[in-house]
Each structure stands twice: as C-alpha cells, then as structure tokens.
Amino acid sequence: MLHDRVLVRTDIPEGERRSSGGIVIPATAAVGRRLNWAEVVAVGQNVRTVEPGDRVLFDPADRAEVEVRGVAYVLMRERDLHAVAAERLQGSEDSTGLYL
C-alpha cells in the first residue's frame, strides 16, 4: 500500500438486498445515495486515523475496485472515509467507538 491509500473489503455483495422486513430489493431499484460499511484490510504508510481491522463508512461512488487472489477489494484515499468504528476507540464510559 502506498501513501494515504486504504484497502477495504465490503460487507455486502453488490446485487439484490433484503429489507429488515424480508422484502427483496432488486439491484436495479432506484435507491437514494447510500454509504457503505467495510472492514479495513491494509493501509499505506501515511494513513493516520485507521488501522487494519477497523470498520469504515464510505461513499461507494468514490471507489476503485481491485481483485487480489480472487477476492474483490475497494481501494480509496483516507480523506474519502466518512466515519471509523473501532474497538480501540472505546476508552471511556461515554464513548461510542465511532468518530467522524
């Protein structure tokens, strides 16, 4: 990994989804702009705010997909992340483990 790049693995595959009520939403359905969660796999040497194993929130429109050994990953800059969720951030009683 180089510079400020972050390599993540998305949580859900592209395609149809299910609502919380069990309704199938086809991949072709028009949905408003949604952000996705993913797990950080690797980071570049200039990344300061995330570490491998953290979960990050990002805009799927700002991504570059790459396939490594048959597994699809998303490569993005650190500045394109919207939020980070990590166990290491839960230090105090009022901490949620999230930061933006």
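Colleague: Why is the pair formed by the side chains of Arg5 and Asp4 called a salt bridge?

Modeller: In this predicted model, the N to O distance between the side chains of Arg5 and Asp4 is 3.2 Å. The term requires a side-chain nitrogen of Lys or Arg within 4 Å of a carboxyl oxygen of Asp or Glu. The pair of Arg5 and Asp4 therefore qualifies as a salt bridge.

Colleague: What makes Asp4 buried or exposed?

Modeller: Asp4 has a relative accessible area of 19%. Buried means under 20%, so Asp4 counts as buried.

Colleague: Why is Arg5 called partly exposed?

Modeller: The relative accessible area of Arg5 is 26%. Partly exposed covers what lies between the 20% limit for buried and the 50% limit for exposed, and Arg5 is therefore partly exposed.

Colleague: How do you know that Asp4 and Arg77 meet in a salt bridge?

Modeller: Their side chains are 3.1 Å apart, N to O. The limit is 4 Å, so Asp4 and Arg77 form a salt bridge.

Colleague: Why does the pair of Asp4 and Arg77 tie together separate parts of the sequence?

Modeller: Asp4 is in the segment before strand S1 (5–10), whereas Arg77 belongs to strand S7 (residues 71–77), so the pair ties together parts 73 residues apart in sequence. Arg77 itself has 27% relative accessibility and counts as partly exposed.

Colleague: What makes the pair of Glu39 and Arg9 a salt bridge?

Modeller: The N to O distance between the side chains of Glu39 and Arg9 is 3.6 Å. This value is set against the limit of 4 Å, and the pair therefore counts as a salt bridge. Glu39 lies in strand S4 (residues 36–43) and Arg9 in strand S1, so that distant parts of the chain, 30 residues apart, are linked. Glu39, at 30% relative accessibility, is partly exposed, and Arg9, at 33%, is partly exposed as well.

Colleague: Which residues do salt bridges with shared partners join into one network?

Modeller: Asp4, Arg5 and Arg77 are joined in this way. Asp4 pairs with Arg5, and Asp4 also pairs with Arg77.

Colleague: How many salt bridges does the rule give?

Modeller: The count is three.

Colleague: How many helices and strands does the protein have?

Modeller: The protein has nine strands and zero helices. Along the sequence, the pattern reads β-β-β-β-β-β-β-β-β.

Colleague: What share of the residues counts as buried?

Modeller: Of the 100 residues, 25% are counted as buried. The protein exposes about 7000 Å², of which carbon and sulfur atoms supply 50%.

Technical notes:
Residues numbered from 1 in each chain as written. Predicted model: local features only at pLDDT ≥ 70, side-chain atom pairs only at ≥ 80, totals over all residues. Heavy atoms only, no water. Buried < 20%, exposed > 50% of the residue type's maximum accessible area, 1.4 Å probe, protein only. Helix = DSSP H or I, 4+ residues; strand = E, 2+ residues; numbered from the N terminus. Areas by Shrake-Rupley, 256 points an atom, 1.4 Å probe, with all protein chains shown as cover.
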